[in-house]
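This report describes the nonpolar cores and the salt bridges of one protein model. Please study the sequence and the structure before reading on.

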Amino acid sequence: MALLKPRRIALVCMTPAVDTDELGGRSMPSYGIRRILAAVVADPDLADAKLALVDYGRPDADAYVDALMRFEPDLIGISIYVWSTPCMIEVARRIKQRRPQCAIVFGGPSARPAVFDLPPYAPAQAYLDALVTTEGEAIFRDIARLPELSRAALRTVSGLHLPASAGWLQSGRARRPRTSTPSLRRSSSA
């Protein structure tokens, strides 16, 4: 699959600072967003994609929006947790206002339809194009491979929750990821 122009993909999260010295001064990266990054980098169909990882580690919507506007993404994947939800939703709202053609996909532990239906975050369809509530590596790769990033095209990707005026639509069950680990067998020795 060759896209007409290289896809510009930004992955966004807010990894909090460790509040004790339990890591001895080392930082701990956001594991989930880096799994998505690795899945995109490893995909030969996306070899020409331009990638950016944006993680300021603090709730600074202005900094996130500025970085994203400079990068000019076609597709943004945002991983949210309880602590990052308000800031990341504000970032998505601002980006969608400035770049309405940019597809915005949320995932992560707090990315659930019920969260986006809460009064401070509704209506989700104003700033969010799709929601991944399961393992996201294969699903996000499928989104990145789409020839176009329209809401109609997103309906063809299994495993998404799509915001609609009357609630949420599901695009079908997510494919189970294949594992490369051979099954273990018990051997009995007599």
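Which side chain meets that of K96 in a salt bridge? The partner is D129, with N and O 2.6 Å apart. A salt bridge here is a side-chain nitrogen of Lys or Arg within 4 Å of a carboxyl oxygen of Asp or Glu.

The model is predicted, so local features need pLDDT of at least 70 and side-chain atom pairs count only at pLDDT 80 or more, while totals for chains, interfaces and linings use all residues. Residues are numbered from 1 along each chain as its sequence is written, and side-chain values use heavy atoms, with hydrogens and water left out.

**Salt bridges**

The structure holds 11 salt bridges. Three of them are listed here, each with its N to O distance.

| Lys or Arg | Asp | N to O distance |
|---|---|---|
| K96 | D129 | 2.6 Å |
| R94 | D62 | 2.4 Å |
| R145 | D142 | 3.5 Å |

Because K96 lies in helix 3 and D129 in the loop between helix 4 (113–116) and strand 5 (130–132), their bridge ties together parts that are 33 residues apart in sequence. Helices (H or I, at least four residues) and strands (E, at least two) are DSSP runs, numbered from the N terminus. Both K96 and D129 are buried; buried means under 20% relative accessible area, exposed over 50%, and partly exposed in between (1.4 Å probe, protein chains only).

R94 and D62 form a salt bridge that links distant parts of the chain, with R94 in helix 3 and D62 in helix 2, 32 residues apart. R94 is partly exposed at 22% relative accessibility, and D62 is partly exposed at 45%.

R145 and D142 are three residues apart in helix 5 (residues 137–145), and therefore about one helical turn separates them. R145 counts as partly exposed at 26%, whereas D142 counts as buried at 19%. Both belong to a network of salt bridges that also links D43, D45 and R141.

**Nonpolar cores**

A nonpolar core is a set of buried Ala, Val, Leu, Ile, Met, Phe, Trp, Tyr and Cys residues joined through side-chain atoms within 4.5 Å. The largest one has 30 residues, of which I76, I78, M88, V91, F106, F116 and Y127 touch the most other members. Among the elements that give two or more residues to this core are helix 2 (61–71), helix 3 (85–98) and strand 4 (103–107).

Beyond its neighbours within four places in sequence, V91 is in contact (heavy atoms within 4.5 Å) with A61, Y64, V65 and L68.
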